[in-house]
Amino acid sequence: MAVYKSSFTRALKPNVLNKYMIEMLCCILISISVLIASVQKNIFFQDLKYNVVSFSKPFIFSIAKPFEYFNNFLLYIDDLKSAHDQNKVLKKQNHEFRILLNEKDFYEIENHRLKKILELESKDYTKKLVGRILIDPYARPNSSLTIDLGKKDGLKINDIVFNENGMIGRIEELGETSSKVLMLLNENSVIPVISKESKKSFFVQGDVNQLKIKHLENSGSLLNNEVILTTDAAGYFKSGIIVGHVDKNNDEIIIQPIAKKSDSIYVSVLVYDFKDFVDW
Amino acid sequence: MQYQIFSKSFPYFFVFFFIFFENVPIHFFEEDLIKPFISFSMIYIWICQDSEKFRPFWLLIFGFFCDLLQSEIVGITSIFFLIVCHLQKKSPDNLSSNDFKETWIKFSIISLVYVFVYYFSNYIISNTSFSIGRVFTCLILTILFFPIFFIIIDKLSYRFKKFDE
């Protein structure tokens, strides 16, 4: 039987605006408004991002763990192949470190005596936290990553993030239980450093796979393979963290970072007091 | 009952798995594992196979998840998914066709547009740097792996469609 639809009935149930279309339109409108809000860097989205990451931690761990075990297995097999040669190198390194350790003990005692004489109070870092890399987008290597430490753990903006080899970045944005790390190699990263032997103070800026030297008049005065350490210039960073070494082998003098994010899935963060806070 | 719950929720977990997989750090011998745009491909193919499977609301959520984990700008991926879904619902021949090569070419064009818009907008608006080489590699791999993803989703969507019916 044919159903007669009056114009009134048609107006009540228009074909264009059926349930699906209403839902689709609403979703598109929500997407656009969310897009505009995120472009304006609304604080809500920043918090939402870290809350989503925190919520997703168990899933992220469960996905990443099997690959981590597999990678460790592959590295173990690789190490087994070169165990004998590695042993020789490590023994030599061990001997050198023993000598350095003895020197360090001497400097530590001398430093203590001098501080006592000058009546100086040293403010060291309060604690070292260990976290895990949660998010590391493949398309943005050495740009930024997300770790599972945040405000609740005592982190602050500009806290240094490092692994067993050296510095890899600093805290850029904070969530409650996760935070974003600005990698050393990110072009927006500029940190104050000092060369260990030639004692030159300058800045290094990230440049994809290396670090560029900034604000140093005569970069030729740096020694090749010289170690570069962080300084506590302007009170924002902790001094003495290894950043990299000088590379004078090419036309341009650059700093090669020592630590890579792929060294370990785990990172450490130094949490300590700053004199001031400024957004870099 | 349990099988019912499992069958209903499996597609969603399947998609979320690949969204997270694309973003977790995975290294082999200190090198990053190359990850194509799997989550975009999976959702696109599922829309092609069965546009009724995911409601617009869920496509919005998937898109938000993708953007929240990967970029500073949230909403671009959702808009893409919604547009793709709408195109497919309007006419099934818009995205897929009987000739698989045509489907493949359409996917290549849409994924190219998506990747360009996504990274370009992130670069312009939030000044996010990215590696052109890696993005290009991911895009090529995504297009090359499309047949494999298609077969997987074809099997899955057929099974779940049968169950829904």
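The side chains of R132(A) and E68(A) meet in a salt bridge, 3.0 Å from N to O, where a salt bridge is a side-chain nitrogen of Lys or Arg within 4 Å of a carboxyl oxygen of Asp or Glu. R132(A) lies in strand β1 (residues 127–135) of chain A and E68(A) in helix α4 (residues 57–81) of chain A, so the pair ties together parts that are 64 residues apart in sequence. Helices (H or I, at least four residues) and strands (E, at least two) are DSSP runs, numbered from the N terminus.

This is a predicted model, in which local features need pLDDT of at least 70 and side-chain atom pairs count only at pLDDT 80 or more, while totals for chains, interfaces and linings use all residues. Residues are numbered from 1 along each chain as its sequence is written, chains are lettered from A and ligands numbered from 1 in the order in which they are written, and side-chain values use heavy atoms, with hydrogens and water left out.

**Salt bridges**

- R132(A) is buried, with a relative accessible area of 5%, and E68(A) is buried as well, at 13%; buried means under 20% relative accessible area, exposed over 50%, and partly exposed in between (1.4 Å probe, protein chains only).
- Over all chains, the count by this rule comes to 9 salt bridges.
- Another pair is K104(A) with E108(A), whose side chains meet at 3.0 Å, N to O.
- K104(A) and E108(A) both sit in helix α5 (residues 83–118) of chain A, 4 residues apart, about one turn of the helix.
- An α-helix has 3.6 residues a turn, so residues three or four places apart point the same way.
- K104(A) counts as partly exposed at 44% relative accessibility, and E108(A) is partly exposed at 46%.

**Where chains A and B meet**

- In this interface, 47 residues of chain B are in contact with 49 residues of chain A, contact meaning heavy atoms within 4.5 Å.
- The two chains bury about 4500 Å² between them, 68% of it on carbon and sulfur atoms; buried area is the accessible area (1.4 Å probe) that two parts lose on being put together, summed over both.
- On the chain B side, P25(B), F29(B) and L68(B) lose the most area to chain A, together 14% of what that side buries.
- The rule finds 3 salt bridges across the interface.
- E72(B) forms a salt bridge with K180(A), their closest N and O atoms being 2.8 Å apart.
- E72(B) lies in the loop between α3 (56–70) and α4 (76–90) of chain B and K180(A) in strand β5 (residues 179–183) of chain A, so the pair joins two chains.
- Both E72(B) and K180(A) are buried.
- K49(A) also meets E72(B) in a salt bridge, at 3.9 Å from N to O.
- A network of salt bridges links K49(A), E172(A), K180(A) and E72(B).

**Helix α3 of chain A**

- At 1.5 Å a residue, the 13 residues of helix α3 (residues 43–55) of chain A should span 18 Å, and the end C-alpha atoms are 18 Å apart, which agrees; the expected span is 1.5 Å times one less than the number of residues.
- K49(A) is among the buried residues of α3(A), which also include F45(A), Y50(A) and V52(A).

- The 27 residues of α5(B) should span 39 Å at 1.5 Å a residue, and the end C-alpha atoms are 38 Å apart, which agrees.
- Buried residues in α5(B) include F107(B), I110(B), Y114(B) and Y118(B).
- Y123(B) lies in this helix and is partly exposed, with a relative accessible area of 42%.
- Just after α5(B), N127(B) takes a positive phi of about 55 degrees.
- Helix α5 (residues 100–126) of chain B gives the most to the nonpolar patch, with 9 residues.

**M183(A) and its surroundings**

- M183(A) is placed in strand β5 of chain A and is buried, with a relative accessible area of 4%.
- Not counting residues up to four places away in sequence, M183(A) touches residues including N142(A), L145(A), I168(A) and K261(A).
- M183(A) and L80(A) are 103 residues apart in sequence and 32 Å apart in space, C-alpha to C-alpha.

**Chain A overall**

- Chain A has 5 helices and 12 strands.
- Buried residues make up 40% of its 280 residues.
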